[in-house]
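Good morning, everyone. Please bring the model up on the screen, and we will walk through it together.

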Amino acid sequence: MTRHDPFLRTAIRLQGLLAHPHHTGDDSIEQRAATVQGYAEALVKLLTLWSRCQKRGWHVGSLHTIQRLHMTVRMLQQAVADANHHVERVVPRRAPVLRELLGELLQLEEEFTKVTIDRGVISVITEPVELDDVYLGSFQIELPIAQLVGDRVGSDVFQIIAIEPHPATGSDVVHPHVRDGRLCAGDATVPLASALRDGRLSDAFLTVRSVLNTYNGSSAYVPLHDWNGIACANCESIVSEDDRFYCERCRSDVCNDCYATCDVCGEGCCTSCLEKDRRSNRLCCGECRHRCGGCSRIVDSDSFDDELALCPECRDEREREEQEQQQTEEIHDDDNDDHNGAERTTADAVELAGQSADGPITGGAAEAAEPVSA
Ligand SMILES: [Zn+2]
Ligand SMILES: [Zn+2]
Ligand SMILES: [Zn+2]
Ligand SMILES: [Zn+2]
C-alpha cells in the first residue's frame with residue numbers, strides 16, 4: 001500500500017477533517033440543563049400535591065393532578081432526550097487515528113460487493129432490496145467526505161441513488177425512506193450521526209444499508225401497499241396515491257378520469273355516483289336528481305317540479321292537458337245551456353199555443369168549478 005492508494009489518501013484526508021471537531025461551545029447546554037431541572041422540580045411539587053389530595057380525599061383535585069403529572073413526566077423525558085442529543089453533538093471526542101480510518105475503509109470492502117472512492121466520494125452498492133414483496137433493486141450509497149465537517153453532520157450527507165429504479169407508481173420516490181436522494185433515517189438518525197462524527201464509516205454505511213432494508217410504514221414517503229398503485233374502482237386503471245380521488249358517496253378510490261363534480265351542488269364524486277339530466281345536460285349527484293313520475297327520465301333538482309314530481313316537459317304536458325280538458329268541459333256546459341234553452345222555448349211555445357187554442361175550455365172549467373166550490 002502506497003500513499004497513492006485511494007483508500008490511504010482518503011483515510012489521511014478524513015483524519016484531517018475529523019481531527020478538529022467543530023463544536024458550538026455555546027451556552028445552550030446550560031439552557032437545556034435548566035429546562036430539565038425546571039421539569040424535575042415541577043414533578044416533585046406535583047407529587048407532593050397529589051399525596052396531599054389523596055390524604056384529604058379530594059378526588060377531583062387528585063385526578064387533575066394526575067393529568068398534570070403525566071404531562072410533566074412527558075415533558076421531562078423530552079427535555080432529557082434533547083439535552084442528551086445536544087451533549088452528543090458538542091462534547092469533544094477523541095479524534096480517530098489514521099490506522100482506524102484506513103481500517104474502516106477496508107472494512108467497507110468486506111461488507112459491500114463494490115466499493116469505490118473517486119474524487120472524494122466514497123460509494124458502495126447494496127444487494128437488491130426487496131421490502132414486503134416490493135422489489136426496489138440495488139442502491140448506490142455515496143458519501144462526499146468533504147461534507148464531514150461541522151457538528152450538524154447527519155444522515156443527509158449521504159446521497160442514495162437507485163441503480164435500476166423501481167419508483168412508486170406516479171412518483172419519483174425510489175424507496176419508502178428516500179426522497180430526492182436523501183435518506184430519512186428515522187430511529188437511526190442519532191446513531192448514524194454519532195458514527196459519522198467518530199469516523200466509524202463502516203458503521204455509518206451499514207446503518208444506511210439497514211435503513212434501506214427496513215420498512216417503517218409510519219414514516220414512509222410512499223407506503224409500500226400503494227407502491228404499485230391501486231386500481232380505480234370504476235375503470236380499474238392503476239393510479240398512484242397522488243392521482244386518485246376519494247368518493248364520499250360510495251367510499252371508493254377512483255382515477256382522475258372517473259371523478260367529476262355535481263353540476264347542481266358542486267360536490268365532487270365518482271362518475272358512477274353521477275347521472276346526467278339529458279335535457280339540461282347537467283351531471284347530478286344522488287342528492288340533486290330525481291326521476292320524473294311521467295316519463296321516468298333523470299331530472300336535475302333545479303328543473304324538477306317537486307309538487308307534481310314531474311320533469312318540466314311532463315308538467316307542461318299535464319298543464320296543457322288540463323287546460324284542454326277544462327276548455328272541453330266549458331264547451332260542453334255551454335252546449336247544455338243552449339239545449340235546455342231550446343227545450344224551454346218549445347215548451348213555452350206549446351203552452352202558449354195551448355192557451356190560445358183551449359182558452360175557452362180552461363175558462364169553462366174554471367167557471368164550471370165555481371158553482372161546486374160555492
Ligand atoms: Zn377510473
Ligand atoms: Zn361514488
Ligand atoms: Zn349534487
Ligand atoms: Zn318527464
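Let's start with α6, where Leu201, Ala204, Phe205, Thr207, Val208, Val211 and Leu212 are buried. They sit on the same side of α6, because they cover an arc of only 155° around the axis. That arc is taken from the directions that run from the helix axis to the C-beta atoms. Buried means 20 or more other C-beta atoms within 10 Å of a residue's own; exposed means 12 or fewer; partly exposed is in between; and C-beta atoms are placed from the backbone.

Before we go on, a word on the source. This is a predicted model, in which local features need pLDDT of at least 70, side-chain atom pairs count only at pLDDT 80 or more, and totals for chains, interfaces and linings use all residues. Residues are numbered from 1 along each chain as its sequence is written, while chains are lettered from A and ligands numbered from 1 in the order in which they are written.

Back to the helix. α6 covers residues 201–212, twelve in total. From first C-alpha to last, α6 reaches 17 Å, close to the 16 Å expected at 1.5 Å a residue. The expected span is 1.5 Å times one less than the number of residues. Helices (H or I, at least four residues) and strands (E, at least two) are DSSP runs, numbered from the N terminus.

What covers the buried residues of α6? The cover includes α4 (98–111), β2 (121–125), β3 (129–131), β5 (139–144), β8 (182–183) and α5 (189–198).

**The cores**

A nonpolar core is a set of buried Ala, Val, Leu, Ile, Met, Phe, Trp, Tyr and Cys residues joined through C-beta atoms within 7 Å. The largest one here has 37 residues. Ile141, Phe158, Leu183, Leu196, Ala204, Phe205 and Val208 have the most contacts inside it. At least two residues each come from α1 (6–19), α4, β2, β5, α5 and α6. Which element gives the most to this core? α6 does, with six residues.

Take Ala204. Leaving out residues up to four places away in sequence, Ala204 touches Leu192, Ala195 and Leu196. Contact means that two C-beta atoms, placed from the backbone, lie within 7 Å. There is also a second, separate core of 16 residues; Val254, Cys255, Cys269 and Cys284 are among them.

Most residues other than glycine have a negative phi. Asp132 has a phi near 45°, a positive value. Asp132 is in the loop between β3 and β4 (134–137). Is Asp132 buried or exposed? Exposed, with 11 other C-beta atoms within 10 Å.

Asp180 also has a positive phi, about 50°. Its loop runs between β7 (178–179) and β8. Asp180 counts as exposed, with 9 C-beta neighbours inside 10 Å.

Pro223 lies between α6 and β9 (230–231), in the loop. Pro223 is partly exposed, with 14 other C-beta atoms within 10 Å. Pro176 is 47 residues from Pro223 along the chain, yet their C-alpha atoms are separated by 6.4 Å.

**The whole chain**

The protein has seven helices and 18 strands. Of its 374 residues, 21% count as buried.

Last, confidence. pLDDT is the predictor's confidence in each residue, from 0 to 100. The average is 85, and 85% of the residues score at least 70. Over residues 356–374, pLDDT stays under 50, and the model has zero contacts there beyond four places in sequence. Where pLDDT is low, the predicted coordinates should not be read in detail.
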